[in-house]
Amino acid sequence: MRIFRTIKRLVRILFVPKHEWVSIANESESIGLIIKYYAWPFIVLGALIKAGSVFVKFTNEADLIQFKIPFSLTILLFYMIVPLFVLIVGGVIIDRFGKSIGATGHKNGALRLLIYSYTPVFIATILINTESHLQYFQYVGVISVYAVVLFWLGMTPMLHILPERRFKFLVFSALTLVFLFFVIMFIIRISLNLLYPEGVILFL
């Protein structure tokens, strides 16, 4: 079943990344299928958990209760849009930059590299969105840092970037993703302020 392939890929990219990157570099699966069967389940799960959290903690005040379901559904939609936007747009930009500095290798290699190295971010997002109050749980976001390690390890097998250009490529990629994240979050924040009263936004 496809779910077992996804779980296998998840485990191997986290624990034996060097070997897994070589396997990924030899695959011919389309980007659409990678997003559909690998990235999308994590994105949807994280968004559902966030929307559920918002729904549960939403106020029951008479003047705001009417927004409970619409706001929760809006959060569900927006929290699916954010990672897709960052991955797809970021992947295209990074891919073009990679080619400009001599990257070769797999077709759409940068996008593949980005999606699979994003795995720790998927996991951290899901855990953070549970809004658990367990001790030290606020530090779970540190897991995301491992994505940088995975990205670094995957650059050579996926893109064949020269050693002296890998750091430049890493810095450009990181700055691009951070910029895109803040851009889309800024747009979403403005949209929410336009769609809902100020009292509703407090429940994010």
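The largest pocket has a volume of about 830 Å³. This is a predicted model, in which local features need pLDDT of at least 70 and side-chain atom pairs count only at pLDDT 80 or more, while totals for chains, interfaces and linings use all residues. Residues are numbered from 1 along each chain as its sequence is written, and side-chain values use heavy atoms, without hydrogens and water.

**The largest pocket**
- A pocket is an open set of points on a 1 Å grid over the protein atoms alone, where a 1.4 Å probe fits, with protein on both sides within 12 Å along at least five of seven lines; lining residues have an atom within 4 Å of a point.
- Its volume is the space filled by probe spheres set on the points, which are joined across faces, edges and corners.
- The lining of the largest pocket has 31 residues, and Y118, V121, T125, S144 and F181 lie nearest the centre.

- About 200 Å³ of space lies in the second largest pocket.
- Of its 14 lining residues, R5, T6, R9, E27 and E29 are the closest to the centre.
- The lining of the second largest pocket divides into 5 nonpolar, 1 polar and 8 charged residues.

**The loop residue H160**
- H160 is found in the loop between α7 (146–159) and α8 (163–195).
- H160 is not a glycine, yet has a positive phi of about 55 degrees.
- Most residues other than glycine have a negative phi.

How values were computed. Helices (H or I, at least four residues) and strands (E, at least two) are DSSP runs, numbered from the N terminus. Ala, Val, Leu, Ile, Met, Phe, Trp, Tyr, Cys and Pro count as nonpolar, Asp, Glu, Lys and Arg as charged, and the others, Gly among them, as polar.
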